Amino acid sequence: MSDDRRTRIADAGLTVLAEAGARGLTHRAVDRSAALPEGSTSYYLRTRAALLQACAARLGERTLRAVSPLAEADDLDVDELAQLAVRAVRTWTANGGVLVLARHELLLESAHHPDARSVLDAATQRVRGLLEQRVIALGTSDPVERTADLVACLDGVALAYAVRGVAEENSLERSVVRVVTGLLAARN
């Protein structure tokens, strides 16, 4: 499958997941969302499991792009890390929260689709690895545990804002900064 077509189908799949939920994820719905001729998605991705796996892989790519500044920045303090987290959460909640809503739909579906689960797990591990390096550099105690807590809390903040909408942009920033500084500012 051409990379452009695959990306277009997977992005459309994420949109369908976010807008219609996992039950709404059909090959036809993805065709409509991607503005492709009917049958295009099923031509490239024969089964629903293959469609879920493609969506999970694309979600991983987009999530890693959102957190890539963690790998590029040098010697961050807690406040700088908090600002990078704000940018990432804004990306996840943009466009009606497509990324975070699709992620949660995929997480639920992955309980029954091990291939999609392994793709999601691999992407999550890469994100945690990048973040854990920064948490270790801060000298925070229990970096593995704090990183897991931080990922879970940021995911929860993103989901809450995606579901209810961001009424005031500063409230999202304040929430993320509180989570990051609350978990990482104390070194003991």
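**Figure 1. A negative surface patch is built from Asp 74, Asp 75, Asp 77, Asp 79 and Glu 80.** The model shown here and in the other views is a predicted one.

**Figure 2. The whole chain is made of nine helices and zero strands.** Read from the N terminus, the order of elements is α-α-α-α-α-α-α-α-α. The radius of gyration is 17 Å, close to the 16 Å given by the globule rule for 188 residues, so the chain is as compact as a globular protein of that length. Along the principal axes, the C-alpha atoms fill a box of roughly 55 × 35 × 30 Å. Of the 188 residues in the chain, 44% are buried.

**Figure 3. Ala 35 has a positive phi in the loop between helix H2 and helix H3.** Helix H2 spans residues 27-34 and helix H3 spans residues 40-44. The phi of Ala 35 is about 55°, although this residue is not a glycine. Most residues other than glycine have a negative phi. Ala 35 counts as exposed because its relative accessibility is 60%, and the cut-off for exposed is over 50%.

**Figure 4. Asp 142 is a residue with a positive phi in the loop between helix H7 and helix H8.** Helix H7 runs over residues 114-137, and helix H8 over residues 143-164. Asp 142 is not a glycine, yet its phi is about 50°. With a relative accessibility of 49%, Asp 142 counts as partly exposed. This class lies between the cut-offs for buried, under 20%, and exposed, over 50%.

**Figure 5. Ala 158 is a buried residue of helix H8.** Its relative accessibility is 0%, so Ala 158 counts as buried; the cut-off for this class is under 20%. The view also includes Gln 133, which is 25 residues from Ala 158 in sequence. In space, the C-alpha atoms of Ala 158 and Gln 133 are 22 Å apart.

Methods. Residues numbered from 1 in each chain as written. Predicted model: local features only at pLDDT ≥ 70, side-chain atom pairs only at ≥ 80, totals over all residues. Heavy atoms only, no water. Helix = DSSP H or I, 4+ residues; strand = E, 2+ residues; numbered from the N terminus. Buried < 20%, exposed > 50% of the residue type's maximum accessible area, 1.4 Å probe, protein only. Patch = residues over 30% accessible without salt bridge, like charges linked within 9 Å, V, L, I, M, F, W, Y side chains within 5 Å. Areas by Shrake-Rupley, 256 points an atom, 1.4 Å probe, with all protein chains shown as cover. Salt bridge = Lys/Arg side-chain N within 4 Å of Asp/Glu carboxyl O. Lys, Arg positive; Asp, Glu negative; His and termini not counted. Charge placed at Lys NZ, Arg CZ, Asp CG, Glu CD. Rg over C-alpha atoms; globule rule 2.2 N^0.38 Å.
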